[in-house]
Amino acid sequence: MAERAALEELVRLQGERVRGLKQQKASAEQIEEEVAKLLKLKAQLGPDEGKQKFVLKTPKDFDIAGQFDPMIPDAECLKIMCEILSSLHIGDFLVKVNDRRILDGMFAICGVPDSKFRTICSSVDKLDKVSWEEVKNEMVGEKGLAPEVADHIGDYVQQHGGVSLVEQLLQDPKLSQNKQALEGLGDLKLLFEYLTLFGIADKISFDLSLARGLDYYTGVIYEAVLLQTPVRPGEEPLGVGSVAAGGRYDGLVGMFDPKGRKVPCVGLSIGVERIFSIVEQRLEALEEKVRTTETQVLVASAQKRLLEERLKLVSELWDAGIKAELLYKKNPKLLNQLQYCEEAGIPLVAIIGEQELKDGVIKLRSVASREEVDVRREDLVEEIKRRTSEPLCIC
């Protein structure tokens, strides 16, 4: 074991020597000679050496102008976020965007000391919950910022809008002279062009008060908030904060790379627990139960000895893409079958009875309204799809 450890150390040192020569742009002959020594040492370790090592690799041309456009994946993430939130039917929402570089540039031109950037950011990020006067008092009274500097910050962070605001700030005589801010504004302008092409620009707002995750985000940052939360009369609105968030963090993954190379990364997260709390409150306000199944229809029977008929019908519905199920009892009582639907939140019941079989129809029952209609068997699939095509909306 000691001999192997010593050999592994020789491999490590020789590897560092090869990498050093490459960085120094040594001659090809010298590099080849040292590489040969490295391979010889590795061969002594055996064929399994190195199989468990994980090396981060980045696209070779990602940082070459024209080869990689970071705003495309950023715009795609925002598109995905909007699609997810729309599909959940939790109400109208707005996605606020900003850029880490714009914030840093703004603080610099306003006169915020470097040592206070992060703490002033945390104050600014409260603007969605408290007034500007409260934020200013915190920055000046608690964090020692000069009042005139705070006022200058206030001129910027109280602004929000779309691409027109980006263009306006690109012409700002002070902000446009800051390299970081100029880069961030340029990327945001391009981002809004892509968001327009994706058809979601009306859901996005450039908000200079957004200042989240600045310890790791390196570029665009964003979060989604609900515009309203309906509640029962007399109740306070449910405060859940943002329901989704994300951004670009090009410097984070590179921390795990021995060479510290920058790895382009962008991502988003959905606040599942916060969304659940909204859905539960709204269902409670509407006096509706949370569905515990995706089943669209229960195949039930009104009399005994109709198990085979139930199996035939449920098979037909499955083949047509209908989410259907039946109780496993041979002769379940109709009342028990209807109660099961109410408890599970199944919206429809397809009831088979002796008379229905003679008439060639199926009795289709709405669990919520308890209304029943006879539907010809050949029209049943179409009728179920029609009734279940509209998603449950709780907004």
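1. Start with Asp-104. Leaving out residues up to four places away in sequence, Asp-104 touches Phe-117, Arg-118 and Gln-180; contact here means heavy atoms within 4.5 Å. Asp-104 lies in helix α4. Helices (H or I, at least four residues) and strands (E, at least two) are DSSP runs, numbered from the N terminus. The relative accessible area of Asp-104 is 8%, so this residue is buried. Buried means under 20% relative accessible area, exposed over 50%, and partly exposed in between, with a 1.4 Å probe and protein chains only.

2. A word on the basis. This is a predicted model, in which local features need pLDDT of at least 70 and side-chain atom pairs count only at pLDDT 80 or more, while totals for chains, interfaces and linings use all residues. Residues are numbered from 1 along each chain as its sequence is written, and side-chain values use heavy atoms, with hydrogens and water left out.

3. Asp-104 also has a charged partner. Asp-104 forms a salt bridge with Arg-100, with the closest N and O atoms 2.9 Å apart. A salt bridge is a side-chain nitrogen of Lys or Arg within 4 Å of a carboxyl oxygen of Asp or Glu. The two residues are four apart in helix α4 (residues 100-110), so about one helical turn separates Asp-104 and Arg-100. Arg-100 has 17% relative accessibility and therefore counts as buried.

4. The whole chain, in brief. The protein chain has 14 helices and 11 strands. Of its 395 residues, 41% count as buried. Among contacts between residues at least 6 apart in sequence, 64% join residues at least 24 apart. The chain exposes about 23,100 Å², and carbon and sulfur atoms supply 51% of that area. Accessible areas come from the Shrake-Rupley method with a 1.4 Å probe; for residues, only the protein chains shown count as cover.

5. Other salt bridges. The count comes to 26 salt bridges. One of them joins the side chains of Asp-151 and Lys-136, at 2.7 Å from N to O. This pair links distant parts of the chain: Asp-151 sits in helix α7 (residues 147-157) and Lys-136 in helix α6 (residues 132-142), 15 residues apart. Asp-151 is partly exposed, at 35% relative accessible area. Lys-136 counts as buried, at 18% relative accessibility.

6. Arg-365 is another case. Arg-365 forms a salt bridge with Glu-372, and the closest N and O atoms are 2.8 Å apart. Arg-365 is buried, with a relative accessible area of 14%. Glu-372 is partly exposed, with 38%. Elsewhere, salt bridges that share partners join Glu-9, Arg-12 and Glu-16 into one network.

7. Three lysines are worth checking by eye. Lys-96 is found in strand β1 (residues 93-99). Its relative accessible area is 9%, so Lys-96 is buried.

8. Lys-329 sits in the loop between β8 (324-325) and α12 (334-344). At 56% relative accessibility, Lys-329 counts as exposed. Lys-329 touches Leu-307 and Arg-310, not counting residues up to four places away in sequence. Leu-307 is 22 residues from Lys-329 in sequence, and the C-alpha atoms of the two are 8.5 Å apart.

9. Lys-22 belongs to helix α1 (residues 2-23). Its relative accessibility is 52%, so Lys-22 counts as exposed. Arg-19, Lys-22, Lys-42 and Lys-259 gather in a patch of positive charge on the surface. Patches are made of residues with over 30% relative accessible area and no salt bridge; like charges are joined within 9 Å, and nonpolar side chains (Val, Leu, Ile, Met, Phe, Trp, Tyr) within 5 Å. Lys and Arg count as positive and Asp and Glu as negative, while His and the chain ends are not counted. The place of a charge is NZ of Lys, CZ of Arg, CG of Asp or CD of Glu.

10. The surface also has a nonpolar patch. Tyr-216, Leu-252, Met-255 and Phe-256 form this patch, with about 450 Å² of accessible area together. Tyr-216 lies in the loop between β3 (204-207) and β4 (220-226). Tyr-216 has a relative accessible area of 38% and is therefore partly exposed.
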